[in-house]
Each structure stands twice: as C-alpha cells, then as structure tokens.
Amino acid sequence: MHSITPLDGWLLNEAVALDLAHPGFVGSLLRASTERRHVSAAFLAVSNIKEADRAEVATFLARADHRTILTAAFQRVPRGLRRALAKSGAKSHDAAYYKRLYRALATGPAHVIAAVQRMESLSPSCLTMIEMMPADLCDHRVVARLHGQDQASDLVKAVRLMVQNGIDRPSLASALVRSTASIESIVQRWMLRLPFPPGPIPAQCGFRPIRDGIELREAALRYRNCSRHYLVGTLTGESAFGEYRHADGRLAMVRFERRDGLWHLDGAYVVRNRSIPADIKEAVEALAGRHGIVEHRAHKAREDDMAALRRFGRSIFSW
C-alpha cells in the first residue's frame with residue numbers, strides 16, 4: 001500500500017478541478033506512486049485544460065501509462081525524464097520545475113544532462129545548482145555535496161579566484177569531483193596553495209617571509225598558535241607573517257597588519273604565545289623600524305590583569 005502524501009499549491013487546485021469533473025481523481029492521485037504523481041504534475045504543468053475537457057483528462061491521467069502521459073505533454077520524451085521525475089521527492093513542486101526539467105534534458109548541454117541523469121535525488125534547488133555549475137564542476141558528485149544555491153555560487157566564484165591566482169583548474173576540478181570529502185574541506189586545502197601578496201619586509205638574513213597557506217599552517221603547528229585563522233586576511237593583504245631568527249638561533253613568528261594602507265607591527269610570538277624574551281622583541285622591533293614599520297599595540301595593554309590571566313590559559317586546549 002502506498003503512503004499518502006498531501007497535495008498542496010497549484011497541483012491541489014488542478015486536482016480538485018479535475019475531481020469535480022471526474023469524482024475520485026484526487027483520491028487516486030493521493031495514492032499514486034511518486035513517479036506517477038510527478039508525471040501527472042508534469043502533464044498538468046504544460047497543459048491548458050478547458051473546463052469541457054476535464055473529465056476526459058482526468059480519465060486519461062488515471063488510466064494511461066507514464067510514457068503515454070509524458071508523450072501527450074511534451075510530444076518527444078527525452079531520455080531520463082521519467083527517471084528524473086521519479087527521483088524528485090514525494091511532494092510535488094511548482095509548475096516551472098517540470099518545464100525546466102524537461103528543457104534541461106531535451107535541449108540542455110551534455111554536462112547538465114549527465115548530472116541530472118546521475119543525481120540520486122532531484123529538486124528545484126538541485127536543478128538550479130546543476131544549471132549554474134560550469135562544465136568541469138557540473139558533476140553529480142559535486143552537486144550532491146553542496147549545501148544549497150548560495151554555496152554553489154560561492155564555489156564557482158572561489159574556483160575562479162583561485163585559478164586567477166595560479167591554481168591549476170583541471171587539478172582542482174578533479175579533486176572536487178573525485179574526492180569524497182566535504183566541498184568546504186577541499187576548497188580549504190587548495191586555498192593553502194595560494195601565494196600570499198608581498199609583505200612589508202622581503203627575505204633577508206634573519207628574516208623569512210611566510211609565502212603561502214601551506215607555510216602558514218606549518219608555522220601555526222610549530223608555534224601552536226592561532227595564526228592559521230588569519231589565512232583569508234593574509235590572502236587579501238590585510239595581514240602578513242614571517243619568521244625571525246635571532247643570532248643565537250632562537251625563533252619567533254612575526255605578524256604585520258595593514259591599517260589605513262600602512263603596515264604596522266602586530267607583534268612577535270614564540271611557542272603557544274608565551275612571553276617573548278625582551279632581546280628578541282627588541283630585535284624584531286628594530287628590524288621593523290628599519291623598514292618604516294612601528295608597533296601599533298600599546299605595551300600597557302598586554303600587562304593588565306586580564307592579559308596575565310590569558311597567558312596562563314593559553315595551553316588549556318591542547319593542539
């Protein structure tokens with residue numbers, strides 16, 4: 001016995017009108033399979049039924065097979081339309097969805113047809129995502145892992161931006177298609193490969209700029225700090241990082257911040273942001289000063305009671 005899914009919206013109005021001319025039609029549609037319900041909805045979405053023809057149409061929809069109904073609606077039934085309708089969920093959709101689905105399979109580009117045919121489930125939102133994807137990203141394995149149209153739009157823009165900044169598009173597209181990881185994690189991994197804009201201090205003896213997200217992540221792991229959270233800001237040129245090496249080999253991570261178009265020294269940090277030795281701090285400030293960069297933090301702000309408590313609490317959460 002088929003479960004009964006309520007009718008609503010335009011399809012309910014159409015079904016009630018047909019039921020008035022042919023009692024029992026609404027009940028048969030309520031008990032119909034998912035595929036038959038969508039087949040009937042597709043027919044009604046593209047048909048302009050006159051009142052005098054309603055009884056005949058209701059009888060036809062109640063008795064004809066699915067292909068006959070679709071042929072009457074569209075004349076030519078594209079490959080995969082019945083299967084696509086069967087995958088469109090228990091509830092009916094707006095009338096435009098059925099017209100769009102037909103056009104996608106009848107006249108759409110090959111990558112759209114392939115994605116529609118291979119999706120495990122379909123909906124208006126899913127169809128929109130398929131239609132907005134460029135050919136190399138329009139794959140059922142990608143679309144199925146997207147969380148709605150906003151993320152689909154973000155993916156298209158993010159891929160375009162990464163390619164403009166040197167990422168190999170075929171390799172990135174292949175990773176998105178073939179990986180089973182989330183779209184977010186794949187994009188994040190490839191973001192690490194993007195080169196950072198030049199910072200305020202070039203490479204020189206005792207100082208090494210951090211050049212991309214991979215190096216920033218490695219530094220964040222070494223220093224056990226939150227610098228990895230500055231990835232996007234560093235890509236946009238709002239921040240810059242480097243590693244300072246003292247004459248005796250001691251190391252410190254240095255962050256610069258751009259404010260009002262000028263670079264400022266945010267500070268120098270050692271492992272877990274513990275208190276930095278005074279001689280290293282002075283050496284970093286001197287290096288920055290030689291390049292016209294000044295520290296913008298007030299020393300006093302780091303020495304208040306809360307700053308002291310914060311330093312004790314840095315290692316509560318292990319990395």
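This is a predicted model: local features need pLDDT of at least 70, side-chain atom pairs count only at pLDDT 80 or more; totals for chains, interfaces and linings use all residues.
Me: What makes W10 and Y98 an aromatic pair, and why is it called edge-to-face?
Reply: Their rings sit 6.4 Å apart, centre to centre, and the limit is 6.5 Å, so W10 and Y98 count as a pair.

Me: What does the pair of W10 and Y98 tie together?
Reply: W10 belongs to helix 1 (residues 9-21) and Y98 to helix 7 (residues 95-107), so the pair links parts 88 residues apart in sequence.

Me: On to the helices. Why are helix 3 and helix 5 given the orientation label they have?
Reply: Helix 3 (residues 34-46) packs against helix 5 (residues 66-74) at about 15°, with the axes 9 Å apart. Angles under 35 degrees count as roughly parallel, so helix 3 and helix 5 get that label. As for handedness, helix 3 passes helix 5 in a left-handed crossing.

Me: Which residues make that contact of helix 3 with helix 5?
Reply: From helix 3 come E35, R36, V39, A42, F43 and V46, and they meet H66, I69, L70, A72, A73 and F74 of helix 5. By class, that contact has nine nonpolar, one polar and two charged residues.

Me: What makes helix 1 and helix 4 parallel, antiparallel or perpendicular?
Reply: The axes of helix 1 and helix 4 (residues 54-63) cross at roughly 105° and come within 8 Å. The range from 65 to 115 counts as roughly perpendicular, and therefore helix 1 and helix 4 are roughly perpendicular. Helix 1 brings A17, L18 and A21 to the contact, and helix 4 brings R54, A55, V57, A58 and L61. Sorted by class, the contact of helix 1 with helix 4 has seven nonpolar residues, no polar ones and one charged.

Me: How do you know which way helix 3 and helix 4 run relative to each other?
Reply: Helix 3 and helix 4 cross at roughly 150°, their axes coming within 10 Å. Angles over 145 count as roughly antiparallel, and so the pair of helix 3 and helix 4 is called roughly antiparallel. The crossing of helix 3 and helix 4 is right-handed. Here R36, S40, F43 and L44 of helix 3 meet V57, F60, L61, A62 and R63 of helix 4.

Me: What about strand 3 and strand 4?
Reply: Strand 3 and strand 4 (residues 262-269) are antiparallel, over seven bridges. V254 has A268 of strand 4 as its bridge partner. The hairpin of strand 3 and strand 4 has two residues between the strands, and D260 takes a positive phi near 55° there.

Technical notes: Residues are numbered from 1 along each chain as its sequence is written. Side-chain values use heavy atoms; hydrogens and water are left out. Two strands pair if DSSP finds at least two bridges between them. Helices (H or I, at least four residues) and strands (E, at least two) are DSSP runs, numbered from the N terminus. Axes are lines fitted to C-alpha atoms, for helices over the stretch in contact, and angles run from 0 to 180 degrees between N-to-C directions. A crossing is left-handed if the near helix is turned anticlockwise from the far one by less than a right angle, and right-handed if clockwise. Contact means heavy atoms within 4.5 Å. Ala, Val, Leu, Ile, Met, Phe, Trp, Tyr, Cys and Pro count as nonpolar, Asp, Glu, Lys and Arg as charged, and the others, Gly among them, as polar. Rings of Phe, Tyr and Trp (its six-membered ring) pair if their centres lie within 6.5 Å; planes under 30 degrees apart count as stacked, over 60 as edge-to-face and the rest as tilted.
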